[in-house]
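Biologist: Thanks for sitting down with me. Could you walk me through the salt bridges here?

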Amino acid sequence: LAQRFGTCSAAIMSDKTAEQADPEAGHGEQKGPRFIYAAFSAAAWIILVHELLERFSFYGMKGILTYYLNDYIGFDDDTTTILYHLFTGLSYLTPILGTFLADNFWGQYKTIAILGIVYLIGHLLMPLTALTKNVPGPLISMLILAIGTGGIKPCVAAFGGDQVGKENEEVLDGFFAMFYMCINIGAFASQLITPILREQVKCVDDSCYPLGFGVPAIAFGLCYVLFLAGTRTYKIYPKPTSPMLNKAMKVIFSGKLWRRKEEAFDESKATEEEKADRAFIEDVRVAVQVLLLFLPFPIYWALFDQQGSRWVLQGKRMDGYISESFSLTADQMQSVNPLLIVMVVPIFNNIVYPLFAKCNLLKSATSRIFWGYLICASAFGLTGIIELLVDNTVPVGLPSGQAQLRIFNANPCPIDVAHPDEARRIPARSLDRFNNAPWIVHLRNHSGGDYRPVLNVTRHCGSSPPGSVQTVWLHLRPGSDNLVIVADAGRVSAALPIPASVSQTRLRLVHADHRLSGSPVQFGTEPGRCLPHSNLTSSGEGTVNPLFATDYCEIASRLDVPMYIGDEHKYSVPLSSLPSAIKYATIYAEFNASSSAVTYHTIVDRELNPLHITLQLPQYLLMCISEVLFSVTALAYAYSEAPANLKSLLQTFYLVSIFFGNMIVIAVAAAPKLPKQAHEFFLFAGLVFLGGFVQLFVIFYYNKIKVKSSRNQVVPVEIPMDSVADKKLPEYSEESSSGTASSADVAKDNTDVAGGNDGAAKATGDVPKSDGDGEGSNPAEQ
């Protein structure tokens, strides 16, 4: 290590000395900036705006999907994870469908136009099913969306490249640079905006998922109309007469691929058709060998895509307050990825890689891919440590087969409460949780659906005869946490559900004054008044009347909050003594009939986690670095190894590896649960750590068996990536590369590529130094 450090330091210092002696030395020809974007046609600009809006719609919908399935529909964490990754995985399997349809029937333009209708239908169904809050609706919508987004994925970027043409490679590269910039802008903006719409706008159950899904639907509607409007400006090429996918499958299933290479073949006597057929067979043989490189990839994608599922579920249990008036939600944290990618890729290309090259580090594709696995493992190891800390500060949620009741007594005397399994006497005035803990009842549900436990309440004082029993039927959802208040004057609240967790402090008001029943009590500041809770009368049944309550109301400060009776401001609820650690609280108001005075009691429903959500930033940064090292390099390496006329086809199978990665997550989530979620994170960290060594073995094995086609010389495995960077490299994505080769693909057959936000950032060393362009982000997230 000391020798390596000394050599490295000497190399850096010698470069600095040489630069001081001759500032122009080693820099080569300096090209001034060119405004190449002016060369784009109107059709090319339409495709760029189309991509921005389409990515906004996709990530806007996907960004709030975990919250929607978990909090709104009510699936538990494992089921939410399974459904999220099933949708993500299908979105990377259906590009095969898009490739097949474009190659054999419709061509790229018609494939985008026809499957765009499918895509739009899926987007429109999501807000509609959110209004009705049913379970089958979103599942059907997600399936339709997966077909739509995956179907157009292999066509859009290549179709955009066709509009630029291959005549001017610099303009073509500039188009792809702008293409990925649009992807990043769309991903970042949507993941920042849609969580605000679903949480801060109130339309259904103290949230507005219909609006959160509706805005992405509108964005895609505009995107689709724009695409059709530009039809007359497009260069539309016919579908290929001999689709590569079909030809490759025929070679594989015919058995020609597995015949011995020594089989007699006299090239001098062969016809041109026989020579072409023989050459194509060799290309398919090379392509199949390149597929070996993809075998360990799914384990990496299994971890990468959990940024939108398990990481969001972890962030939900953490404190998101940035200031008294602003909070960061767990689903908004996903926007960190495209933002970091835009910053990290140029830093690696221009600073990290050149600096490490002085020390002979990170120069080969193999070393970069291997370190990508290891840094991904460290990201999940850190995630597991944070999960253990979260578990120690906030209890894990209830199992789906149980519900919890927190029963408080507002009477001046003890009460007896009994349910089928247990009975308990609750002392008088147990309202204040800081002084008297409630009776916490865990109810088990064996039917699998909603259930209605019966409570028998016996009060020993008040207007009712001593010892009289009041019967209350409650409507509970499996896995829910509920508050029940037994009040004076014989009133019992319905089961008031307590949300699992959000990042904003919220309060609700409960009171028992029947004189105010004709004038609904509203609570909160304008314009965000909390209306009376809509489900109270249907939730509390029996021989008693329910209490009056409002929904949870978001508060921006610890000042007094006005309470309205009808439209008249009657009282001010003091919050100055409210503990700062409260996330959800119920304010119980006791009205004195003779003096009109009000006494307020604070019941803490949910406390803030002392761990802040920004503690997740290091794991997001580590995952971003691993993405640059792994996905950018892996896609570039696989692309450079592939035969020239099968490069695009191999990118489709690259997407399929992302599908299998999501299937791994589903398998783990569906398996018998580990004692703690942190253990699952450590399990994945160990798997991807081992995956790095498996990848080394696969590359070594591939290097021994690969066949060098006479038509396509294969680059050695350990070629220094610096020499690859000397080429003029394109902006390339699995979206552009999936499917048939377009004119844009053919123009780039001899270049290396890398993953970006929708499959491709620039390849290593890929930023054209003259423009400084270079965006990229999540191949697995796009």
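Biologist: Is Asp 78 buried or exposed?

Modeller: First, a word on the ground rules: this is a predicted model, where local features need pLDDT of at least 70, side-chain atom pairs count only at pLDDT 80 or more, and totals for chains, interfaces and linings use all residues. Residues are numbered from 1 along each chain as its sequence is written, and side-chain values use heavy atoms, with hydrogens and water left out. Buried means under 20% relative accessible area, exposed over 50% and partly exposed in between (1.4 Å probe, protein chains only). Asp 78 has 17% relative accessibility, so Asp 78 is buried.

Biologist: Which side chain meets Asp 78 in a salt bridge?

Modeller: A salt bridge here is a side-chain nitrogen of Lys or Arg within 4 Å of a carboxyl oxygen of Asp or Glu. For Asp 78, the N to O distance is 3.4 Å, and the partner is Lys 673.

Biologist: What is the relative accessibility of Glu 387, which meets Arg 317 in a salt bridge?

Modeller: The side chains of Arg 317 and Glu 387 meet at 3.0 Å, N to O. Arg 317 counts as buried because its relative accessibility is 15%. Glu 387 also counts as buried, at a relative accessibility of 4%.
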